[in-house]
Amino acid sequence: MKDNILKYIVKGMRYDRRKFDEYRTVTVEYGVSHAAEGSARVRIGETEVIAGVKLSLEKPYPDTPSQGNLMINAELTPMSSPLFETGPPGEQAIELSRVIDRGIRESKAIDLTKLCVKEGEKVWSVMVDIVTVNDAGNLFDAGALAAIAALKNAVFPTVKEDGSVDYAKKTDKHVPLVQTPIAITVIKIGDQLIIDPLPEEEAALDARLTIAFNDANMLCAMQKGGPGYFTTEELIQAADIAIEKGKELRRALD
Amino acid sequence: MAAKAVKIDYPKRHDGRNWEDLREIEAKVGIIPRADGSAMFRIGHTVAYAAVYGPRELHPKFMQNPETGILRCRYNMMPFSGHGERVRPGTSRRSQEISMLTSKALMPVLDLKECPNSVVDVFIELPETDAGTRCAGITAAAMALADAGLVMKDLVASLSMGHYNGRIMADIDGYEDCDVGISDIPLAYIPTLDKFSLLQLDGDVPKEDLMKILTIAKKKAMDIYKVQQQALKAKFATEKVER
């Protein structure tokens, strides 16, 4: 399988006839789960993920008494691929969660100080869950885009007089999103850099680089994966490709 | 949810439905290309996705049965799908029981003797819920099994009936279940066999009303059954036949 993919790549071809720097069609649909405070569905070709935001009132962490909490979690459901199994998240799901988390956290996408209700006592906790529906490759970019879309869509629930949350009544006040980070993953097979990989290409990759950047195209998080390496030139080229392709993903968010 | 001790007056349904009306329903087959079979079923704001994988090799090996293949179902609410706080990922006592009941509800229409030692996995995921989730899951799973090309005696159509202050109603929603405290009766019906493969009751129902409930349930299940059949036909009508 890997040899086959490589043979194709050397000839300048991909299984689905795309160019190496060509993204599949990206669509974003907002408000797909009425139960969540915010939600979105992202499709990249046949890949589909749903992200949902739940808010709750919690005690802040002792080291950040005036800041809200942010938690990002990804589930690789056995529904979405024959390769994913039931049970607690494996290292693949954990890496996915953490890479997406880093892009959002390090870009300071959410103004966490605005989530403080009473310093040292009560803050809003923002929990973003990303769930895979169909894995046709590139879950990193799809998951990151779904997470930021769900946050864009998220509004606060009402707080009752006794201080508890009334989830049945939503306000029209949005979660304080001040940046819209985008993540783009560039993979390397042989000496070729490729974006938006298919599962077959992911299985054959030598190295992978996920780059997240903010509205001003400032790089804010990166993660290299895969067994191989990148040269200096390849890393610079990957960053250029990512920022260029980021425009397409940003357009899909509007 | 258990019925409340003091029954409030509930003279008409809060969303304007008649007592025997279902919420708006929608079904789609083949929504997850990676799976061997898949389907979506929506009833009001309850949405269930189901994906079927298999028959495939069963692990761990000690669970293998040389006489027949087995059906394994997993029911799971997405963490943001509940009205209220986040649902922690992973299994709970509730989800494990529902997973088990789901496979028992589907087993009577399947025959897996042709594929010994193997498993048919059914994964049910709910992106949004407003009561009736196990029923929506079973309804979606039946379509997904048919989409996977498994030999089946029939589909299974499932819905939840309600009983309150002597009144029988179909397809109770989250408000009616939790806030009003209507007795909840989830059931699954196999139309061509005229048999029930799921029946539960949470609450109180006079024995005299059971027959009426089952009769109405059958009628309403037939409405769901028609939508299931249409969704399956729609997928295979659009699928290109390669020669």
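Residues are numbered from 1 along each chain as its sequence is written, while chains are lettered from A and ligands numbered from 1 in the order in which they are written. Because the model is predicted, local features need pLDDT of at least 70 and side-chain atom pairs count only at pLDDT 80 or more, whereas totals for chains, interfaces and linings use all residues.

Chain B contains 4 helices and 9 strands, where helices (H or I, at least four residues) and strands (E, at least two) are DSSP runs numbered from the N terminus. The order of these elements from the N terminus is β-β-β-β-α-β-α-β-β-α-β-β-α. The radius of gyration of chain B, taken over C-alpha atoms, is 18 Å, close to the 18 Å that the globule rule gives for 243 residues, so chain B is as compact as a globular protein of that length; the rule is 2.2 Å times the number of residues to the power 0.38. The C-alpha trace of chain B spans about 60 × 40 × 35 Å along its principal axes. Of the contacts in chain B between residues at least 6 apart in sequence, 72% join residues at least 24 apart, a contact requiring C-beta atoms, placed from the backbone, to lie within 7 Å.

Buried residues account for 49% of the 243 residues in chain B; a residue is buried if 20 or more other C-beta atoms lie within 10 Å of its own, exposed if 12 or fewer, and partly exposed in between. In strand β6 (residues 157–164) of chain B, 8 of the 8 residues are buried. In a regular strand the side chains alternate between the two faces of the sheet. On one side of β6(B), Ala157(B), Leu159(B), Met161(B) and His163(B) are buried, and on the other Ser158(B), Ser160(B), Gly162(B) and Tyr164(B) are buried.

Strand β6(B) pairs in the antiparallel sense with β8 (residues 183–190) of chain B over 7 bridges, pairing being assigned if DSSP finds at least two bridges. Within this pairing, Met161(B) has Ile185(B) as its bridge partner. Strand β7 (residues 167–170) of chain B is likewise antiparallel to β6(B), over 4 bridges, with Met169(B) as the bridge partner of Gly162(B). A hairpin with 2 residues between the strands is formed by β6(B) and β7(B), and Asn165(B) in the turn has a positive phi of about 50°.

At the interface, 25 residues of chain B are in contact with 31 residues of chain A. The largest share of this side of chain B, 4 residues, comes from β5(B).

Notes:
Two residues are in contact if their C-beta atoms, placed from the backbone, lie within 7 Å.
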